[in-house]
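Biologist: I am new to this one, and I would like to go through it step by step. Could you show it to me first?

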Number of protein chains: 2
Amino acid sequence: MPDSTESAEERLIARYLRPLATHPGALGLVDDAALLTPPPGCDLVLKTDGVIAGVHFFLDDPAEGIGRKALRMNLSDLAAKGAKPLGFLLALALPAGTEEAWIAAFACGLGDDAERYGCPLLGGDTDHTPGPISVSIAAFGAVPHGRMVRRSTAKIGDRVLVTGTIGDAALGVKLRGDASLSARWRLDRTMARHLEERYLLPLPRNALAEAVLHHAAAAMDISDGLVGDLGKLCRASAVAAEIDIARVPLSDAARAAIAAEPALIETALTGGDDYEIVLTLAPEKLSTFRAAADAAGVLVTEIGHVQAGEGACFMHNGDALTFARPSYSHF
Amino acid sequence: MPDSTESAEERLIARYLRPLATHPGALGLVDDAALLTPPPGCDLVLKTDGVIAGVHFFLDDPAEGIGRKALRMNLSDLAAKGAKPLGFLLALALPAGTEEAWIAAFACGLGDDAERYGCPLLGGDTDHTPGPISVSIAAFGAVPHGRMVRRSTAKIGDRVLVTGTIGDAALGVKLRGDASLSARWRLDRTMARHLEERYLLPLPRNALAEAVLHHAAAAMDISDGLVGDLGKLCRASAVAAEIDIARVPLSDAARAAIAAEPALIETALTGGDDYEIVLTLAPEKLSTFRAAADAAGVLVTEIGHVQAGEGACFMHNGDALTFARPSYSHF
């Protein structure tokens, strides 16, 4: 029987969020704050990122996936920094009248991923909002003291690698908005579903975090497109990178779409939501890193190298490509 | 000259938020994540809370105060847990067309408080939103290992104390919505301004955090009203509390308003946004705690005691008061 002095917020938390708070430091979500003790000799790595309905997802996207996506965006950053997930805080703003079924599905997806990635809920804040549904997550990970992999430490002569395939989510969101593109891009059902799924559900590369920690010179999460994000890494490291577009890994679906409409290569390289890792490493570390990636089951592809200069240069048949909008921005 | 590959978000961050990122672990806000190393022997205390325009503040409230309020709400929780602030993450959602002057003033207030309370910006996330301005903060503090002051550890026989005065912000927000109440409540200008200011700007009791850490049996931040929040503390501790309403500390302004309209005592006791601390302590610790509070310049008032049973009972002239809506909820 619900305690009559309990608020609607308390009931929502008790029913849907408390089961996710498996970390002892969450104190069952009954205190003002949570407790976290980083493993001895470790630094805490902190990241906050979130999603807003109508900006980062469509209102009719499955709620179960929205919880996953919000957490995975942050997990992807932890992976790129070489950090092991420890837990997260959740700030949830819901319009009045949000259906309980939505909340239940959201919490179900979020809880499943929290368990899958070993990143339990530590605490949160729930509010009503006159605006759209908004999910903000602050995630915490651990790295050995002083060892977080930075953006700013790429060295001239490093090789540039990326995980997974590039551009699927950016193509997927176009397809999500206009299903007729599937025919224009000559995609079969499997290909179309692949692109849409990569938009709905990032695949953060946490399995690779330890290999990144031990081998990468510099790394970052690709969330605003490879072109813009590699540009940021180059700026932070005061180096240039030369990338061979022909080597950028594409899924069969992305390859088919770009074959049908070559201008889509720009979408693939500059669109957001990849949640892959771009990293640089010394050439002598390449084979060990590849072996570690194989062992982790993560595809890694060498796409270019770091050199003296400024900015990332993307070469296509010997010419440097320029982009109308190099970096995706939700802002 | 702005770098043409910089996004609007990057420029906003560089101009207004980077100056707040004085913590070395913020890495100048140029990496994916931030770094935090809790002091040796300490646990990290984590809290997330935020404000949404139209829910927690009025759009025409001064922007400078909104940054302060969002941070202070979280600082208040750290204080109640006996924790020393270490830093915070900021998730900011702004409608398109938010004026740069608003952002500048917001950042100015936030930065000033970050410095005042020794709680620098560690990192953040900035998005556009089709909804109202939303500011979500995750704040971090440190306590000696295993020493965070809980809600759940009140003991039968403890005294119950509160800091500051109760109900000012709840009366202030009524006044903010209807200026004519000032005359009805027979407030002079100073009194009216006092109540409004207490709504606009919480005064978190971080100066008392160390005394709370060393003396309190249980403590929590009062953000949803004394009645509801003390009820939560009692539930978490499986005890009852008996409070003498006549002893609840009121400002001159609140006292005047309640004298003019006695039903306002319920607003004062159950309204939100006090950001004071309610705590319990063993009777033998009372005098040392009072001395520490005096030294910290924080008013503390004994209002009742902890006893066996369930829930918090508020006595008025020998009768237990009941409340239509015991706990304030933004949800």
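What follows is a conversation about this predicted model, in questions and answers.

Biologist: Let us begin with one chain. How many helices and strands make up the secondary structure of chain A?

Modeller: Happy to start there. The C-alpha atoms of chain A fill a box of roughly 70 × 55 × 35 Å along the principal axes. Its secondary structure comes to 11 helices and 12 strands.

Biologist: What radius of gyration does chain A have, and what would a compact globule with 331 residues have?

Modeller: For 331 residues, a compact globule would come out near 20 Å. The value for chain A agrees with that, and it is 21 Å.

Biologist: Into which domains is chain A divided, and what separation do their centres have?

Modeller: Domain 1 of chain A covers 8-144, and domain 2 covers 159-321. Taken over C-alpha atoms, the separation of their centres is 26 Å.

Biologist: Which element gives the largest share of the side of domain 1 of chain A that touches domain 2 of chain A?

Modeller: The contact takes 19 residues from domain 1 of chain A and 17 residues from domain 2 of chain A. On the domain 1 side, helix 2 (63-80) and strand 3 (84-94) of chain A each supply at least two residues. By class, that side has 10 nonpolar, three polar and six charged residues. The largest share, 11 residues, comes from helix 2 of chain A.

Biologist: Across which strands does helix 2 of chain A lie?

Modeller: Helix 2 of chain A runs at about 170 degrees to strand 7 of chain A. The strands it lies across are strand 7 and strand 9 (276-281) of chain A.

Biologist: Which strands are at the edges of the seven-stranded sheet in chain A?

Modeller: This open sheet has the order 7-9-6-10-8-11-12, with mixed pairing. Its neighbouring strands are turned by 30 degrees against each other on average, direction ignored. An edge strand pairs on one side only, and here the two are strand 7 (218-222) and strand 12 (319-321) of chain A.

Biologist: Strand 8 of chain A pairs with strand 10 and with strand 11 of chain A. Which pairing is parallel and which is antiparallel?

Modeller: Strands of a sheet pair through backbone hydrogen bonds, either parallel or antiparallel. Strand 8 (residues 240-244) and strand 10 (residues 300-307) of chain A share four bridges, with A:Ala241 opposite A:Val306. Strand 8 and strand 11 (residues 311-316) of chain A are joined by five bridges, and A:Ala240 has A:Gly311 as its partner. The pairing with strand 10 of chain A is antiparallel, and the one with strand 11 of chain A is parallel.

Biologist: Which residue takes a positive phi in the hairpin of strand 11 and strand 12 of chain A?

Modeller: Three bridges join these antiparallel strands, and A:Met315 has A:Ala320 as its bridge partner. There are two residues between the strands of the hairpin. The one with a positive phi near 50 degrees is A:Asn317.

Biologist: Which residue of chain B stands opposite A:Ala34?

Modeller: An open sheet of five strands has the order 1(A)-2(B)-5(B)-3(B)-4(B), with strand 1 (34-36) of chain A and strand 4 (121-128) of chain B at its edges. Strand 1 of chain A pairs with strand 2 (residues 42-52) of chain B in the antiparallel sense over three bridges. In that strand of chain B, the residue opposite A:Ala34 is B:Leu46.

Notes:
Residues are numbered from 1 along each chain as its sequence is written. Chains are lettered from A and ligands numbered from 1 in the order in which they are written. This is a predicted model: local features need pLDDT of at least 70, side-chain atom pairs count only at pLDDT 80 or more; totals for chains, interfaces and linings use all residues. Domain bounds come from an automatic or database domain assignment. Two residues are in contact if their C-beta atoms, placed from the backbone, lie within 7 Å. Ala, Val, Leu, Ile, Met, Phe, Trp, Tyr, Cys and Pro count as nonpolar, Asp, Glu, Lys and Arg as charged, and the others, Gly among them, as polar. Two strands pair if DSSP finds at least two bridges between them. Axes are lines fitted to C-alpha atoms, for helices over the stretch in contact, and angles run from 0 to 180 degrees between N-to-C directions. The radius of gyration is taken over C-alpha atoms; the globule rule is 2.2 Å times the number of residues to the power 0.38.
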